[in-house]
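Take a look at the model below.

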Amino acid sequence: MKLISWNIDSLNAALTSDSARALLSRQVIASLVDQDADIIAIQETKLSAKGPTKKHLALLEDYFPDYQIAWRSSVEPARKGYAGTMFLYKSNLPEPNITYPEIDAPSTMDDEGRIITLEFDKFFVTQVYTPNAGDGLRRLEERQIWDQKYADYLVGLDQQKPVLASGDYNVAHKEIDLANPSSNRRSPGFTDEERQGFTNLLDKGFT
């Protein structure tokens, strides 16, 4: 199986805008087409609560004609056009059971479209768009709770059958993962607390 995960940072912009960034995003989309992955996990779709429009679906169909789509957007009015996740998976795969888990996270995090899980006969494929600690680390304490509850969620899946966990974990785990670690010690995604949260996830047996 080939599984690819990508933070698209606005599906609408990537598919419809003519900005320089959108053109780069479409180059990535073209490379995804060439890769012919079985499953593509996409984070930060930034779609409305109604999900992809007819135009979005038509464009995705053009790029990925042999795929099914599962999506989850942020619930309005909690966070409009924020976060959001999507799976594209090959139509010839056994039809998965699709769930949109909530993990009893703090604040509005469970309403922000952050997790989708595909359950196949012998394994799970799940993706996450982990909440950012935010400007001034205002969400750091809530993020720590999220990290623990998400780790517990993965362990629960793993107790049933093997798990392929993908997504954007919003953390640079080690100093080598960041260009300037010394000046970013208290930056979102590189705090000691967030790095420890990812260590705790790995310590539960994940690779």
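## Salt bridges

Lys 161 and Glu 119 join their side chains in a salt bridge (2.9 Å, N to O). This pair ties together distant parts of the chain, 42 residues apart: Lys 161 sits in the loop between α4 and β8 (163-168), and Glu 119 in strand β6 (residues 115-119). Lys 161 counts as buried, at 15% relative accessibility. Glu 119 is partly exposed, with a relative accessible area of 25%.

The model is predicted: local features need pLDDT of at least 70, side-chain atom pairs count only at pLDDT 80 or more, and totals for chains, interfaces and linings use all residues. Residues are numbered from 1 along each chain as its sequence is written, and side-chain values use heavy atoms, with hydrogens and water left out.

Some terms come first. A salt bridge is a side-chain nitrogen of Lys or Arg within 4 Å of a carboxyl oxygen of Asp or Glu. Buried means under 20% relative accessible area, exposed over 50%, and partly exposed in between (1.4 Å probe, protein chains only). Helices (H or I, at least four residues) and strands (E, at least two) are DSSP runs, numbered from the N terminus.

How many salt bridges does a search of the whole structure find? The search finds 17. Here are some of them.

| Salt bridge | N to O distance |
|---|---|
| Lys 161 and Glu 119 | 2.9 Å |
| Arg 21 and Asp 9 | 2.5 Å |
| Asp 147 and Arg 143 | 3.0 Å |

Arg 21 and Asp 9 form a salt bridge through their side chains. Their pair links distant parts of the chain, twelve residues apart: Arg 21 is in helix α2 (residues 20-35), while Asp 9 is in the loop between β1 (3-7) and α1 (11-16). Arg 21 is exposed, with a relative accessible area of 56%.

Asp 147 and Arg 143 share helix α4, four residues apart, about one turn of the helix. Both residues are buried.

## Glu 44

Asp 9 and Arg 21 also belong to a network of salt bridges with Glu 44 and Lys 46. Where is Glu 44? Glu 44 lies in the loop between β2 (39-43) and α3 (54-63). Is Glu 44 buried or exposed? Glu 44 counts as buried because its relative accessibility is 15%.

The side chain of Glu 44 makes a polar contact with the side chain of Asn 7, at 3.0 Å. (A polar contact is a pair of N or O atoms within 3.5 Å; within protein, one must be able to donate a hydrogen and the other to accept it, and residues adjacent in sequence count only if both atoms are side-chain atoms.)

## Cavities

The structure holds two cavities of 30 Å³ or more. On a 1 Å grid over the protein atoms alone, a cavity is a set of points where a 1.4 Å probe fits but cannot get out; lining residues have an atom within 4 Å of a point.

The largest cavity has about 90 Å³ of space. Its lining includes Arg 143 and Asp 147, along with Thr 130 and Phe 198. Helices α4 (140-158) and α5 (192-203) each supply at least two lining residues.

The second largest cavity has a volume of about 30 Å³. Trp 6, Ile 8, Leu 11, Ile 29, Leu 32, Ile 42, Leu 60 and Phe 64 line the second largest cavity.

Methods
On a 1 Å grid over the protein atoms alone, a cavity is a set of points where a 1.4 Å probe fits but cannot get out, and a pocket is an open set with protein on both sides within 12 Å along at least five of seven lines; lining residues have an atom within 4 Å of a point. Grid points are joined across faces, edges and corners, and a volume is the space filled by probe spheres set on the points.
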